[in-house]
Amino acid sequence: MAVAGKQGASELPAPEAAEVALEHIGKLTGREIVGVTSVEPTDDGWRVEVEVVEERRIPSTSDLLALYEVDLDLGGELLAYRRTRRFNRGRGDSGNGMA
């Protein structure tokens, strides 16, 4: 099934899918965008993970960040989005073996 998604997603290249997802999240949340952390093809289009600043703090290493998943169709239209995680900027990701 992943192969079919990759072939169909060629209508909207990955870099463009990432840009479209950034625009959608910026409009929907009104928050500062940090950047795209992942882009992957799906059967219906693309799933893009976007990191945003949820809350500014002093020092900036204690900013509250969030990850959002954005699902786009083959033409770049928003299908769904959801916040999947919130964390402080200064904290390492324990999921990859780093402190």
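Strands, in the sense I use here, are DSSP runs of E with at least two residues, numbered from the N terminus. I keep in mind throughout that this is a predicted model.

**Entry 1: Val 39.** I looked up where Val 39 sits and found this residue in strand β1, which covers residues 32-41. Leaving aside residues up to four places away in sequence, I listed what Val 39 touches, and the list reads Ala 14, Ala 18, Trp 46, Arg 47 and Val 48. I also checked Ala 21, which is 18 residues from Val 39 along the chain, and noted that their C-alpha atoms are separated by 9.7 Å.

**Entry 2: strand β2 and its partners.** Next I turned to the strand that pairs with β1, and I noted that β1 and β2 run antiparallel over 8 bridges, forming a hairpin with 3 residues between them. Within this pairing, I found Glu 51 of β2 as the bridge partner of Gly 35. On its other pairing, β2 joins strand β3, residues 64-73, again in the antiparallel sense, over 10 bridges, and here Val 52 stands opposite Ala 66 in β3. Why is strand β2 largely enclosed by the rest of the structure? I counted from the accessibility values that 9 of the 11 residues of β2 (residues 45-55) are buried, so the strand is largely enclosed.

Entry 3: Tyr 81 belongs to strand β4, which covers residues 78-88, and because its relative accessibility is 36%, Tyr 81 counts as partly exposed.

**Entry 4: the whole chain.** Stepping back, I counted 2 helices and 4 strands in the protein, and read along the sequence they follow the pattern α-α-β-β-β-β. Of the 99 residues, 31% count as buried, and the accessible surface comes to about 6100 Å², with 49% of it belonging to carbon and sulfur atoms. Among contacts with a separation of 6 or more, residues 24 or more positions apart account for 43%.

**Entry 5: confidence.** Last, I checked the pLDDT, which averages 86 for the protein, with 82% of the residues scoring at least 70. Over residues 1-9 the pLDDT is below 50, although this stretch has 11 contacts in the model beyond near neighbours in sequence. Where pLDDT is low, the predicted coordinates should not be read in detail.

Note on methods. Residues numbered from 1 in each chain as written. Predicted model: local features only at pLDDT ≥ 70, side-chain atom pairs only at ≥ 80, totals over all residues. Heavy atoms only, no water. Buried < 20%, exposed > 50% of the residue type's maximum accessible area, 1.4 Å probe, protein only. Contact = heavy atoms within 4.5 Å. Areas by Shrake-Rupley, 256 points an atom, 1.4 Å probe, with all protein chains shown as cover. pLDDT = per-residue confidence, 0-100. Pairing = 2+ DSSP bridges.
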